[in-house]
Amino acid sequence: MRLVLLGPPGAGKGTQAERICAAHGLVHLSTGDLLRAAVAAQTELGLRAKQAMDAGDLVSDEIVLALVRERLEQPDAAAGFLLDGFPRNTAQAEALDADLGEKGVERCVSMLLDDEEIMRRLLARGRKDDQESVIRNRLEVYRDETAPLIAYYEGKKLLRSIDALGTVDEVFERIQGALSVVESRAGEGAEDSVSGANA
Ligand code: AMP
């Protein structure tokens, strides 16, 4: 399976991504994790990305696409992958589609969560980019740059939206439900006839 997990910061993408990848044998590609590792290792790329990350802005498409391409070219990714935190804007989504060609994204799961709950969760998490002013900026960036991808994947008939409020187990079950069609189809190219809770 080739999946995109979409959602605002604090929606629980990372936690769910790990479980989904373990359950389906997918490579977990988190651009946030890759960027944080590059910052920690003080690579040139990390140094270039750090300022934008600290401010809650998006890192340049050029940097992020280089990281994603490097990872997706590794042989294990051929068996399937889950993209977590990527794409983050339409330009990235279009670049991804162009790169993948016929072996494109098969499903985008959009995790829905309201701003109040996002703020509560991120303040509790307390990462460096989780201070209130930075969170507000990250939410704005999500709304302006990333949320349009909901319509982008809906237009391609790849979108399933799920409620991200609930226990980790509850949300996991909802995502599994959103993936069941993709799994049963197993690349046969059959019509997607299941109606989900699309938003
Ligand atoms: P995340 O852990 O996915 O919330 O990412 C943390 C930070 O890394 C974001 O606030 C951005 O600064 C940067 N970042 C992660 N993924 C991307 C991406 N696909 N495009 C641009 N910046 C990104």
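Which strand gives the most to the lining of the largest cavity? The legends below take up this question and others on a predicted model.

**Figure 1. Lining of the largest cavity.** Strand 1 gives the most to this lining, with three residues. A search of the whole structure finds one cavity of 30 Å³ or more, and the volume of the largest cavity is about 30 Å³. The residues that line the largest cavity are Leu3, Val4, Leu5, Ile20, Leu82, Val109, Ile175 and Leu179. At least two lining residues come from each of strand 1 (2-6) and helix 9 (168-185). By class, the lining of the largest cavity holds eight nonpolar residues, no polar and no charged ones.

**Figure 2. Lining of the largest pocket.** The largest pocket has a volume of about 640 Å³. It is lined by 36 residues, of which Gly32, Arg36, Arg88, Arg127 and Arg138 are the closest to its centre. Helix 2 (31-40) is one of the elements that each supply at least two lining residues, along with strand 1, helix 1 (13-24) and helix 7 (132-146). Helix 2 gives the most to the lining of the largest pocket, with five residues. The lining of the largest pocket divides into 14 nonpolar, twelve polar and ten charged residues.

**Figure 3. Lining of the second largest pocket.** A volume of about 240 Å³ is found for the second largest pocket. Its lining is made up of Arg2, Val68, Arg69, Leu72, Glu73, Ala77, Ala78, Phe81, Leu96, Asp99, Leu100 and Lys103. Helix 4 (61-72) and helix 5 each supply at least two of the lining residues. In the lining of the second largest pocket, seven residues are nonpolar, none is polar and five are charged.

**Figure 4. Contact of helix 5 with helix 8.** The axes of helix 5 (residues 90-100) and helix 8 (residues 148-155) cross at roughly 35° and come within 10 Å. From helix 5, Thr90, Ala93, Glu94, Leu96 and Asp97 meet Leu149, Tyr152 and Tyr153 of helix 8. The contact of helix 5 with helix 8 is formed by five nonpolar, one polar and two charged residues.

**Figure 5. Cys21 and Cys108.** The count of disulfides is zero. Cys21 counts as buried, at 6% relative accessibility. Cys108 also counts as buried, at 0% relative accessibility.

Terms used:
Residues numbered from 1 in each chain as written. Predicted model: local features only at pLDDT ≥ 70, side-chain atom pairs only at ≥ 80, totals over all residues. Heavy atoms only, no water. 1 Å grid on protein atoms, 1.4 Å probe; cavity = no way out; pocket = protein on both sides within 12 Å on 5 of 7 lines; lining within 4 Å. Points joined across faces, edges and corners; volume = space filled by probe spheres on them. Helix = DSSP H or I, 4+ residues; strand = E, 2+ residues; numbered from the N terminus. Nonpolar A, V, L, I, M, F, W, Y, C, P; charged D, E, K, R; others polar. Disulfide = S-S within 2.5 Å. Buried < 20%, exposed > 50% of the residue type's maximum accessible area, 1.4 Å probe, protein only. Axes fitted to C-alpha atoms, helices over the stretch in contact; angles between N-to-C directions. Contact = heavy atoms within 4.5 Å.
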